[in-house]
Amino acid sequence: MKLNGKILDGDGHVMERDSELFEYLEPPYAGNESLLGFPFFPTLDGYQRGAIVARLGIHKGYPSAKEWLDFLDGTEIESTVLYPTAGLTFGVIQDPTWAVALARAYNNWFTDRYYRVSPRLQGVALIPMQDVPEAVKELRRAVTELRMVGVVLSANNGELGVRKPFGHPDFWPVYEEAERLDVPVAVHGATSFNIGINFFTKFAQTQALEHPIAQIIQLTSMVMEGVFERFPRLRVAYLEAGVGWVPYIMDRLDRSYEVWAGARYKEFSDWLKKKPSEYINSRQIYFSCEGGEESLPYAIQRIGHRTLLFASDFPHETNLARARHEIAEFLEHPHLSDEAKQGILRDNIVRFYARNGK
């Protein structure tokens with residue numbers, strides 16, 4: 001099929017380096033090289049991800065803004081929204097003061113090194129959920145001053161740093177500000193530790209489970225604590241876990257709701273006013289999906305296609321050739337309507353990230 005407009009990428013990645021972020025730190029950290037003796041971000045888990053990518057053999061470096069633009073041209077993608085890599089562990093940071101400083105440095109670094117090179121390279125902000133008032137302040141700055149298009153939250157924080165699930169009312173000021181600014185919140189997987197799979201030493205097993213387990217936990221928390229009832233204009237995406245798990249968790253959450261809805265003690269938030277599946281079908285909640293998922297047509301039967309997003313994930317486990325193949329899987333999918341393909345590859349991404357419908 002031929003799309004109306006060019007493909008958009010809902011989730012790509014930069015590969016931030018401490019040596020570059022160092023240049024953007026503000027006092028009292030600016031220029032203090034003792035910082036470079038330790039990683040700025042906690043480890044994703046016990047794996048050296050660079051070693052895994054090296055063994056995969058599809059990359060030999062970090063994509064600069066120019067290399068990202070070459071990738072977009074090579075795949076005929078109009079623009080991308082870029083997420084961090086090491087920064088996906090941002091929520092694990094124990095020191096709130098450092099989290100505030102590092103968020104500002106990352107957001108300034110991204111704006112300078114990518115967005116100012118080309119508006120085709122848009123970004124989501126890191127915000128320090130370890131200090132909610134500062135998170136609200138940085139969200140506002142990132143959107144209004146740096147023109148970032150949303151915020152990213154780490155799906156799993158390993159019981160460190162941000163120690164509460166994202167449905168907790170302590171985080172509601174962040175959602176209130178995101179709703180006021182009309183920007184989305186993206187919950188993005190990465191960290192695998194302390195979700196019950198620490199004993200794996202072969203990365204394929206960890207990779208298969210780390211994203212969906214973490215996303216199930218956060219979706220359950222946010223739905224059952226009433227976030228989407230309290231903030232009916234808030235848009236949230238759960239990224240890099242595919243979409244096959246969504247019908248399953250809808251059924252599980254609905255069952256729990258129905259068991260407790262008529263009981264004296266409901267065992268869920270008073271803000272939850274209807275079945276969880278109704279919130280998931282409300283078009284507030286988005287998911288990334290993959291053309292090769294066998295369960296994709298069934299997921300579309302359950303939740304429709306208007307909240308599904310294409311994500312290149314470049315350069316993580318993909319290169320130009322793989323990205324072209326994944327795009328072709330969508331365009332040539334025999335069980336997706338042209339309307340669904342148009343939505344997944346472009347229209348839904350516009351709807352998720354656009355402010356005030358623009």
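The largest nonpolar core holds 114 residues, and Met129, Tyr175, Tyr238 and Phe287 have the most contacts inside it. Helix H4 (residues 96-115) gives the largest share of this core, 11 residues. The model is predicted. In soluble globular proteins, nonpolar side chains tend to be buried together.

- Beyond its neighbours within four places in sequence, Phe287 touches Leu219, Tyr238, Val243, Trp245 and Val246, among others.
- Its contacts also include Ile280, Ile303, Thr307, Leu308 and Leu309.

**Helix H9**
- H9 covers residues 245-261, 17 residues in total.
- Its first and last C-alpha atoms are 24 Å apart, close to the 24 Å expected at 1.5 Å a residue.
- Trp245, Val246, Pro247, Ile249, Met250, Leu253, Asp254 and Tyr257 are buried in H9.
- Cover for these buried residues includes helices H7 (203-224), H10 (276-280) and H11 (296-303), plus strands S7 (236-239) and S8 (285-289).

**Helix H5**
- H5 (residues 132-144) has 13 residues, so it should span 18 Å at 1.5 Å a residue; its end C-alpha atoms are 18 Å apart, which agrees.
- Its buried residues are Val132, Ala135, Val136, Glu138, Leu139, Arg141, Ala142 and Val143.
- They pack against H4, strand S4 (125-126), strand S5 (151-154) and helix H6 (172-181).

**Whole chain**
- The protein chain has 13 helices and nine strands.
- Its radius of gyration is 20 Å, close to the 21 Å from the globule rule for 358 residues, so the chain is as compact as a globular protein of that length.
- Of the 358 residues, 56% are buried.
- Among contacts between residues at least 6 apart in sequence, 78% join residues at least 24 apart.
- Carbon and sulfur atoms account for 50% of the accessible surface of about 15900 Å².

Conventions. Residues are numbered from 1 along each chain as its sequence is written. This is a predicted model: local features need pLDDT of at least 70, side-chain atom pairs count only at pLDDT 80 or more; totals for chains, interfaces and linings use all residues. Side-chain values use heavy atoms; hydrogens and water are left out. Helices (H or I, at least four residues) and strands (E, at least two) are DSSP runs, numbered from the N terminus. The expected span of a helix is 1.5 Å times one less than its number of residues. Buried means under 20% relative accessible area, exposed over 50%, partly exposed in between (1.4 Å probe, protein chains only). Contact means heavy atoms within 4.5 Å. A nonpolar core is a set of buried Ala, Val, Leu, Ile, Met, Phe, Trp, Tyr and Cys residues joined through side-chain atoms within 4.5 Å. The radius of gyration is taken over C-alpha atoms; the globule rule is 2.2 Å times the number of residues to the power 0.38. Accessible areas come from the Shrake-Rupley method with a 1.4 Å probe; for residues, only the protein chains shown count as cover.
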